[in-house]
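Good morning, colleagues. Please bring the sequence and the model up on your screens; I shall go through some local features and then the ligand site.

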Amino acid sequence: MLIRLRRNRQTEAVRRMVQETTLTAHDLIAPLFLIEGSCQRVPVMSMPGVECLSIDLAVKEASHLYERGIQALLLFPLIDPGLRTEGAEEAWNRSGLLARAIREIKDAVPELCLMADVALDPFTSHSHDGLVNAKGEVLNDETIACLIEMALMQAEAGIDFVAPSDMMDGRVQAIREGLDEEGYQQVGIMAYSAKYASSLYDPFRNALGTRLKSGDKRTYQMDPANVREALLEAALDEEEGADILMVKPATLYLDVIAKIRAQTARPIAAYHVSGEYSMVMAAHQAGYLDAAKVFHETALSIKRAGADLIITYATKYLLDQM
Ligand code: PBG
């Protein structure tokens, strides 16, 4: 036998030397759920190990994560049901929970890259990502006007990247132009480009209270059956000025990541979503598998598929293994 592939697997040293994919803290983006109050830490029942934090504790968590090498946070506010309206006006409240959190975290840890979703679902009474008319249709262009306002609010507060997650057509360009007109050329856009209408977002929606009362998001989020359409979405977002393209969810869509990787020179982020996290945690709690190992393997597979960045609730498990 001339060729014995096992030679390159014999020792830890060789295995490390020939490792094709590596994982570092810089690859990870940590989502953070925000609540009102002070010294508040509320566990998310649907996501074991994940907590909603009041701004003061979020600031501490942000500096802790930064010390451990995390470069970016993705912020999500839990909005009081009393503030949620048909018109989602709270989404651009300059003194709302999200605006205050951005300002305070930026103030305390200015080096950290702050990102936040741009979509109306935490702020609408019905939990759709856009405005809805009397017939129940989600309105594209009317919603975009709101998204621009929301992006400007975040930019004023000090956000580094806005992350449109709404899947309205044309929103990346509109947000880019809106930001530029107000002098926020340096604020980046991480576009949820291929965001699928997935069953894996339920633990997140339970956490933020954004479960739809009826219907689904299939008129704007993508059909899980499609991949050519994802390439179109990614190409359009790139043309419209997106700085980072995102695929979401991650593990059931590794083929989508790989195909977009082949088509773009832009950085790709993959969102390892709540359902992907909670499935593993449930199995871990039942004693069926080891969450830390599964998360490590998962993160490697997402990078191997071609993603540069991974948005994941498993940052602590992953950092402990680096
Ligand atoms: C809001 C948004 C969702 C997620 C991120 N941003 C939910 C949705 O689209 O209904 C899901 C994240 C996760 O499940 O971890 N548009």
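Predicted model: local features only at pLDDT ≥ 70, side-chain atom pairs only at ≥ 80, totals over all residues.

M167 counts as buried because its relative accessibility is 4%; buried means under 20% relative accessible area, exposed over 50%, and partly exposed in between, with a 1.4 Å probe and protein chains only. M167 is found in the loop between β8 (161-164) and α5 (171-181). Helices (H or I, at least four residues) and strands (E, at least two) are DSSP runs, numbered from the N terminus. The phi angle of M167 is near 65 degrees, a positive value in a residue other than glycine.

Residues are numbered from 1 along each chain as its sequence is written, and side-chain values use heavy atoms, with hydrogens and water left out.

Let us turn to C39. Phi is positive here too, near 55 degrees, in a residue other than glycine. C39 belongs to the loop between β1 (28-35) and β2 (41-43). Is C39 buried or exposed? C39 counts as exposed, because its relative accessibility is 61%.

Next, the ligand. Its shell consists of 19 residues, and R205, K217, K248, S274 and Y313 are the closest; a residue is near a molecule if one of its heavy atoms lies within 4 Å of it. By class, the shell divides into nine nonpolar, three polar and seven charged residues. In this scheme Ala, Val, Leu, Ile, Met, Phe, Trp, Tyr, Cys and Pro count as nonpolar, Asp, Glu, Lys and Arg as charged, and the others, Gly among them, as polar.

Which side chains come within polar contact of the ligand? A polar contact is a pair of N or O atoms within 3.5 Å; within protein, one must be able to donate a hydrogen and the other to accept it, and residues adjacent in sequence count only if both atoms are side-chain atoms. A polar side-chain atom of K195 lies 2.7 Å from a ligand oxygen. For D121, a side-chain N or O atom is 3.3 Å from a nitrogen atom of the ligand. For Q221, the corresponding distance, to an oxygen atom of the ligand, is 2.9 Å. Taken alone, the ligand exposes 400 Å², and the protein buries 100% of that; accessible areas come from the Shrake-Rupley method with a 1.4 Å probe, and for residues only the protein chains shown count as cover.

K217, one of the closest residues, lies in the loop between α6 and α7 (228-239). Why does K217 count as buried? The reason is its relative accessible area of 5%. The side chains of K217 and D129 are joined by a polar contact of 2.6 Å.

K248 is also among the closest residues. A cis peptide bond joins K248 and P249, with omega about -10 degrees. P249 is placed in the loop between β10 (244-248) and α8 (254-263).

P122 is buried, with a relative accessible area of 9%. From P122 to G96 the C-alpha distance is 12 Å, for 26 residues of sequence separation.
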